[in-house]
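Subject: Structure for you to look at

Hello,

Here is the structure I said I would pass on. Please open it before reading further, and keep it open while you go through the notes.

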Amino acid sequence: MKFKTSFSCIVFKTIFLITFAASVASSATSKSEKKAPGDFYEELSRLNKVLSEINLKYVESVDPAELSESAIQGMRNILDPHTAVFAPKDYEDLKVSTEGEFGGVGITISLRDNILTVISPLAGTPAFKLGIRAGDRIMKIGGKDTKGWTLDEAVGELRGKVGTDVTISIARAGVTDLMDFTITRAKIVVHAVPYSGMLTKDIGYIKLASFSLKTREEVVDAIQRLQKQGMKKLVLDLRYNPGGLLNQAVEIGELFLNKGDLIVSTRGRTQQTESRAHKNGIVSPDVPLVVLVNQGSASAAEIVSGAIQDWDRGLIIGRTSFGKGSVQTIFPLDNQGYALKLTTAFYYLPFGRCINKPENGIKGLKIREEEALAEEEGLDEPADSVKAASDTVAQDTFFTNAGRKMYGGGGITPDVDVELDPIPWVVQVQERMTMYFKFAVKIRPSLEKQGVKIDGDWQVPDSLFTQFKEFCLKDTNFTKIKSNSIATLEILEKDLIREQNFMGDSSKTLSDTLLSAQVNALRKALENDRNNQFEENREYIMDGIKRELLTSIVGDSASTAFVLKKDAQVKEAIKYLSDMDLYKKTISAPTKSPAKGKKK
């Protein structure tokens, strides 16, 4: 975060931050430690003096922004990873994510081969209506060449006041000349529910991607549509949901719980709250429910899944969640658009669990650093000092409403753990380098010329698999990426050459013909193994081709519906919802359960 600003502005912001902290400290009723207000202001005066002396007398001029940034980073090291100061642009981005709308043209873009590329137009938006396609390359915006532009620069030009125009020039596969599109900006809504539909004749599915201002409204609409389609059971997908607004988490929880049920409580130095369901949920308690979570489910997503788990309202399936059990409050700092995101409380699930992981808590940045260092050095454990410093590390034992045992301090542990199979190396490279996307863009014109109808029932012909393999192997960026085994062999070969040089042989290649032949044979075998992985992963590759063609030609909904059919965690959810004996057995309490909600 680099920006130009005056020294006096930096001092003002620093003083504001510290003064704000002082007001919090003075109003707290902590019994463990109290400091006289004078101590704080003495420290403030000392810091102000240090900043002034550096500004006036340091051997070289120092950018005040760098001083401010370093000071703020130093504060964060003793606070937690989620406390931060936002520059104006970052603050605006945050407001877009929570408000869920902005003025723009309606395309998702990314850099592909360092060229601004349309990933997908959003259905119903101005860009979609004008025929902008996935794979279109944006060469100019407003007549300005986009070569070398960052994503932030492009987004800044494409977004703007609703009703104003912007012209983009795109290069499209199969079209010789640039195509100009003048697009009138409109209000673009970022949907919290990007997809909902029926998985089977009676099992509905809702993908909830975020918790923004209109999340409850969108989820209610999705539930009502599914009920009209015959939904008797429901899968709520919170995987990779990073969270969002706390009040929306409470309102989503209320849709599934009974009036009066506690959903979440928060406890901080200046606030303690309890949020309960004000009315019975619109989804009947008789409707079996599965909530999908994984390591990307955080914060508000964990509040919803944790409340459902604590009240035994549904099964949690997937992988252990992220473990962010803290609440942040936004405080604007000045009239320039800077803002402080400050952790003001921890949240607790209905029966007392705080699922905050140590690395997400106080001094969490230090814990993350030492864990990374331990991993680098091959150590099993980080330093004891870091473990002792964590704030919510204790794994207290709790019990759900029905008496099932749960633990605090480690995210939401699913009732049914489903680990996905590791992705083979060659497929990882294909996904990372967006080879499926690039191939879909390349092959689409010829498929359209042939009149091929792409829909959910379409089967990828073997000829496209062959073409995709050739496409990958002709791509120099793809072929130059080496597997770990080939990279290790190259290191071994260099070590062997260094050893022979040490012995007096100055050759830059292996002199030992037998050894050289063995190394070359091993290299060829490893390269053949990479090529063989195409055939070994034929099904995945053909699914990837179909996925991207559905996205670019039919739309995201068709692609999502297809992908869900292959999703192992979704399949597990269907398995439990299709077998009520298994579902009830898994969600039931043990034979002799302790008093609910008590912790040992």
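Below is what was found in it, starting with the whole chain and moving on to single places.

The model is predicted. The protein chain has 21 helices and 21 strands. Of its 600 residues, 44% are buried. If you take the contacts between residues at least 6 apart in sequence, 71% of them join residues at least 24 apart.

Aromatic rings

A search of the whole structure gives eight aromatic pairs. One of them is formed by Phe40 and Tyr41, whose ring centres are 5.2 Å apart and whose planes stand at 80°, so this pair is edge-to-face. An angle over 60 degrees is what puts a pair in that class. Phe40 is partly exposed, because its relative accessibility is 24%. Tyr41 also counts as partly exposed, at 44% relative accessibility.

Arg267 lies over the face of Tyr348, 3.8 Å from the ring centre. The charged end of Arg538 sits over the ring of Phe465, at 4.0 Å from its centre.

Helix 13 covers residues 435–450 and helix 18 covers residues 538–554. How do the axes of these two helices cross? They come within 9 Å and cross at roughly 65°, and the crossing is right-handed. On the side of helix 13, the contact is made by Tyr436, Phe437, Phe439, Ala440, Ile443, Arg444 and Leu447. Helix 18 brings Tyr540, Ile541, Gly544, Ile545, Arg547, Glu548, Leu549, Ser552 and Ile553. Sorted by class, this contact has 11 nonpolar, two polar and three charged residues.

Next, look at helix 19, residues 556–566, where the buried residues are Ser559, Phe562 and Leu564. What covers them? The cover includes strand 10 (195–198), strand 11 (203–207), helix 18 and helix 20 (568–578).

Asp113 is in the loop between strand 3 (107–112) and strand 4 (115–121). Asp113 has a positive phi of about 55°, although it is not a glycine. Is Asp113 buried or partly exposed? With a relative accessible area of 43%, Asp113 is partly exposed.

Thr434 lies in the loop between helix 12 (425–432) and helix 13. Thr434 is not a glycine, yet it has a positive phi of about 50°. Thr434 counts as buried because its relative accessibility is 15%, and buried means under 20%.

Val283 is in the loop between strand 14 (272–276) and strand 15 (289–293). Val283 is buried, with a relative accessible area of 4%. Leaving out residues up to four places away in sequence, Val283 touches Ile223, Leu255, Phe256 and Arg313. The C-alpha atoms of Val283 and Asn258 are separated by 9.9 Å, and these two residues are 25 residues apart along the chain.

Regards

Note on methods. Residues are numbered from 1 along each chain as its sequence is written. This is a predicted model: local features need pLDDT of at least 70, side-chain atom pairs count only at pLDDT 80 or more; totals for chains, interfaces and linings use all residues. Side-chain values use heavy atoms; hydrogens and water are left out. Rings of Phe, Tyr and Trp (its six-membered ring) pair if their centres lie within 6.5 Å; planes under 30 degrees apart count as stacked, over 60 as edge-to-face and the rest as tilted. Buried means under 20% relative accessible area, exposed over 50%, partly exposed in between (1.4 Å probe, protein chains only). A charge sits over a ring if NZ of Lys or CZ of Arg is within 6 Å of the ring centre and within 35 degrees of the ring normal. Axes are lines fitted to C-alpha atoms, for helices over the stretch in contact, and angles run from 0 to 180 degrees between N-to-C directions. Helices (H or I, at least four residues) and strands (E, at least two) are DSSP runs, numbered from the N terminus. A crossing is left-handed if the near helix is turned anticlockwise from the far one by less than a right angle, and right-handed if clockwise. Contact means heavy atoms within 4.5 Å. Ala, Val, Leu, Ile, Met, Phe, Trp, Tyr, Cys and Pro count as nonpolar, Asp, Glu, Lys and Arg as charged, and the others, Gly among them, as polar.
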